[in-house]
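The following questions and answers go through a few local features of one protein model. Please keep the sequence and structure in view.

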Amino acid sequence: MKFTRRSGILFHPTSLAGTPGIGTLGKSAYQFADWLHEAHQTLWQMLPLGPTGYGDSPYASFSTFAGNPLLIDLDMLVEKGWALKDDIVPPDYIKTSGKIDFGSVVWWKLPLLSKCAAYFLTHCSEADRTAYETFKNDNAVWLDSYADFTSIKQYYDAEAQKQGISGIKGMWNAFWPRELASCSPAAVSEWDGSHTQNIEEIKVIQFFFDYQWSSLKKYVNSVGIDIIGDIPIFVAPDSADVWANQKFFQLNEYGVPVKVAGVPPDYFSATGQLWGNPLYDWNAMKADNYSWWIARIRRVLQLVDCLRIDHFRGFEAYWSIPYGDSTAVNGEWIKGPDIDLFNVIKKVLGDIPVIAEDLGLITDQVRSLRDGCGFPGMKVLQFAFDPDEAGKEGMSNAFLPHEYSTSHCIVYTGTHDNDTMQGWLERASDCAVQVVAEYVTGKELRKEDACSLVKSGELCDRMVQTAIASTADYAVIPMQDILRLDNSARMNVPSTTGTNWSWRMDGEALTKENASRLTFLSSMYGRNLK
């Protein structure tokens, strides 16, 4: 695929300001699109859009096909006549600013959405009913199994809670009746027949998301902005994806993973990252002509204009960890499907616009796969200034802009897994800060002078400028770095849970000053035209 010279912002809709509890697809999302347009940015990159599960991570979703109900804007439901205004008034503990309290939002919003769905089913217009039925028919390949999974999960999660069972013990492969856990067609059909209303409400909620998302995307595209979406290579163990497609995963007869995914010790963790996702049975997928992957890619490309695949290197070889291990240290590399998968996808879907997340331990074989597919890889400026290299002359690092061997790549100051740029600079050694400052200013500096650039925020601005000035086809900057925010605005710390994904932008952050600065940089470095 041909990538032209462009720039944009990495910003997930949950971080939007001004709506109860969490960012939504409502008015503030349109205002953000307008601000991007004003700033002459033509890319809006997001994290995965699926319903979040354990740990609130968008990379651990209950479905890789479904939309996140928490993103649905309640005011828009009222405007469409799909909900009552009195019903959507949030309780006092739900705030419109500050960090997201996912537990409180889920506790309040999901039952409310079910109430709105029930109202829709009894009060919608004939045209809306037709649109809903069309949505169900067009998405039956994933919607039916997702609704079944969600309905069964809601019931048995409540049962697990009554019995004091929590966490992984409440999962489908550990707590559901055997017939339902095995996704027996007869058992699932019987469940459908006795839970019709609940299942229909789950489907309506997905219709709400799809309608609001489609409307937002149409508007975003109309002002010259493309959306870059994101999917993790693996899916969550507690998901409709695994439950309904058990033959495609490395599971035992009870649906429990035999081996799980992660990565070996790396930049982020000395013991590696133990993700815990069940691994694919690639032989079974190949025998089925990779139909599940084709359906997955097709669905995501209905929602976005370009797709970033997280952990792309796992298609060449993946880190296989024995189930039950406490760290990723004892894993081993196992060969993946390599280019065979993408040849089949291309045969069915044609050329697809994909960005390969090629970070971590990247071998010649991974680079060959990426280049053979024609996908651009990623460059992260924070990785360019390794503290071990600080102070050395003639510093060489593949993430330094002057070392880019091709423009066919995407440059970021940092990703959702990195600290914010300002936070990273504040925690870097004085020696490392000096190297960064000298690189981006092009002049020798004393350490104290370099450190003063950190305190003022100027060095953060210079790193943004360096990314936009680079030869990379796309330059994508996390919104936190545009706002010069410190570590408190970090989106995720890998291998941790509890406080991640909760950052929300201040409601006054979308200033003309920041838009003008981006307009100038994008114009100066030839990125202001699509």
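Contact here means heavy atoms within 4.5 Å. The model is predicted.

Q: Is Arg308 buried or exposed?
A: Buried means under 20% relative accessible area. Arg308 has a relative accessible area of 2%, so it counts as buried.

Q: Which side chain joins that of Arg308 in a polar contact of 2.5 Å?
A: Arg308 belongs to strand 6. Within residues 306-310 of this strand, the partner side chain is that of Asp310.

Q: Which residue in strand 12 is the bridge partner of Val411?
A: Val411 and Cys409 point one way from strand 11, while Ile410 and Tyr412 point the other way. Strand 11 pairs with strand 10 in the parallel sense over four bridges, and there Lys379 stands opposite Val411. Three bridges join strand 11 to strand 12, residues 474-478, also in a parallel run. In strand 12 the partner of Val411 is Ala475.

Q: Which residue has its backbone oxygen 2.9 Å from a polar side-chain atom of Gln41?
A: Gln41 lies in the loop between helix 1 (27-38) and strand 2 (43-45). At 2% relative accessibility, Gln41 counts as buried. Its contacts include Ser7, Leu36 and Ser522. The backbone oxygen 2.9 Å from its side chain belongs to Ala39.

Technical notes:
Residues are numbered from 1 along each chain as its sequence is written. This is a predicted model: local features need pLDDT of at least 70, side-chain atom pairs count only at pLDDT 80 or more; totals for chains, interfaces and linings use all residues. Side-chain values use heavy atoms; hydrogens and water are left out. Helices (H or I, at least four residues) and strands (E, at least two) are DSSP runs, numbered from the N terminus. Buried means under 20% relative accessible area, exposed over 50%, partly exposed in between (1.4 Å probe, protein chains only). A polar contact is a pair of N or O atoms within 3.5 Å; within protein, one must be able to donate a hydrogen and the other to accept it, and residues adjacent in sequence count only if both atoms are side-chain atoms. Two strands pair if DSSP finds at least two bridges between them. Lists of a residue's contacts leave out its neighbours within four places in sequence.
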